[in-house]
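Student: I would like a close look at one part of this protein. Please pick out its charged pairs and walk me through them.

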Amino acid sequence: MSLTPSHLIEYLYCPRFTYFEYVLRVPQQEDKDYKVMRGRHLHDQRLEQNKDYLRRRLGVTGKYLDQYLTNDVLRGRVDEVLQLADGTLAPLDYKFAEWKDTVYATYQTQLYCYAWLIEATFGQPVTRGFLVYTRSNYKVVEVPITLANVDDVKRIASAVQNIIEQNLYPKATKYKSRCVTCTYRKICTR
């Protein structure tokens, strides 16, 4: 099974997400979530509007829009892959969110996954990624990416694959507050 960044992010939220959705195949019904739907619409709209926009202040020398990338383990669609003046590549991802002076772990994980995919596909290094916060006047935030970050997502991907392939019922998250709004709270045996 080919994984997506969402698989890894859900696992980090709670490993049982992986079990309920991909082993038992209980859908989470995310299409009903307004923010998810609005984010998808905005994502599609920005890709269409941004075709000729070059981020000179970031040192962008070229870009690939809406790239579907795969490797042996992971697959994903990157909003933009930027070619930078220093010879590296960088993922750029639009977020239907406000900038609150912090980059959430979920956003970082997604960029790390994209870095893995970009390095595997293009054979060029990725040392940073960019997030565009659309609800904060399209603020661009740079996120450093290290080899250790990419190794972490590889380890997480292996754990997700293990749950799915071995039909393992993992431990729940240690953050009990996450259970309050969890899609699977009614069927999870905490």
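Tutor: Glu142 is partly exposed, with a relative accessible area of 44%. Its salt-bridge partner is Arg128, and the closest N and O atoms of the two lie 3.7 Å apart. The pair ties together distant parts of the chain: Glu142 sits in strand β5 (residues 139-144), Arg128 in strand β4 (residues 128-133), 14 residues away. Arg128 has 18% relative accessibility; that is under 20%, so Arg128 counts as buried. Asp86 joins in as well: Asp86, Arg128 and Glu142 form a network of salt bridges. All of this comes from a predicted model.

The general idea is simple. Side chains of opposite charge can pair when their charged atoms come close.

Now take Lys95, in strand β3 (residues 89-95). Lys95 forms a salt bridge with Asp93, with 2.8 Å between the closest N and O atoms. Is this pair buried or exposed? Lys95, at 10% relative accessibility, counts as buried. Asp93 is buried too, with a relative accessible area of 4%. Lys95 also has a polar contact: its side chain and that of Gln110 are joined at 2.3 Å. What else does Lys95 touch, beyond its neighbours within four places in sequence? The contacts are Tyr107, Gln110, Leu131, Val132, Tyr133, Thr134 and Arg135.

Next comes Asp66 with Arg77. Their salt bridge has its closest N and O atoms 3.6 Å apart. This pair also links distant parts of the chain, with Asp66 in strand β1 (residues 60-70) and Arg77 in strand β2, eleven residues apart. Asp66 is partly exposed, at a relative accessible area of 32%. Arg77 is partly exposed as well, at 41%.

Step back to the whole. The structure holds five salt bridges. The protein chain has five helices and five strands. From the N terminus, the elements run α-α-α-β-β-β-α-β-β-α. The chain has 190 residues, and 46% of them count as buried. Take the contacts between residues at least 6 apart in sequence: 63% join residues at least 24 apart. The accessible surface comes to about 10,600 Å², and carbon and sulfur atoms account for 48% of it.

One last stop is helix α1 (residues 5-13). Its buried residues are Pro5, His7, Leu8, Ile9, Glu10 and Tyr11. Their cover includes α2 (15-23), β2 (75-84), α4 (105-122) and α5 (147-166).

Technical notes
Residues numbered from 1 in each chain as written. Predicted model: local features only at pLDDT ≥ 70, side-chain atom pairs only at ≥ 80, totals over all residues. Heavy atoms only, no water. Buried < 20%, exposed > 50% of the residue type's maximum accessible area, 1.4 Å probe, protein only. Helix = DSSP H or I, 4+ residues; strand = E, 2+ residues; numbered from the N terminus. Contact = heavy atoms within 4.5 Å. Polar contact = N/O pair within 3.5 Å; in protein donor to acceptor, adjacent residues only side chain to side chain. Areas by Shrake-Rupley, 256 points an atom, 1.4 Å probe, with all protein chains shown as cover. Salt bridge = Lys/Arg side-chain N within 4 Å of Asp/Glu carboxyl O.
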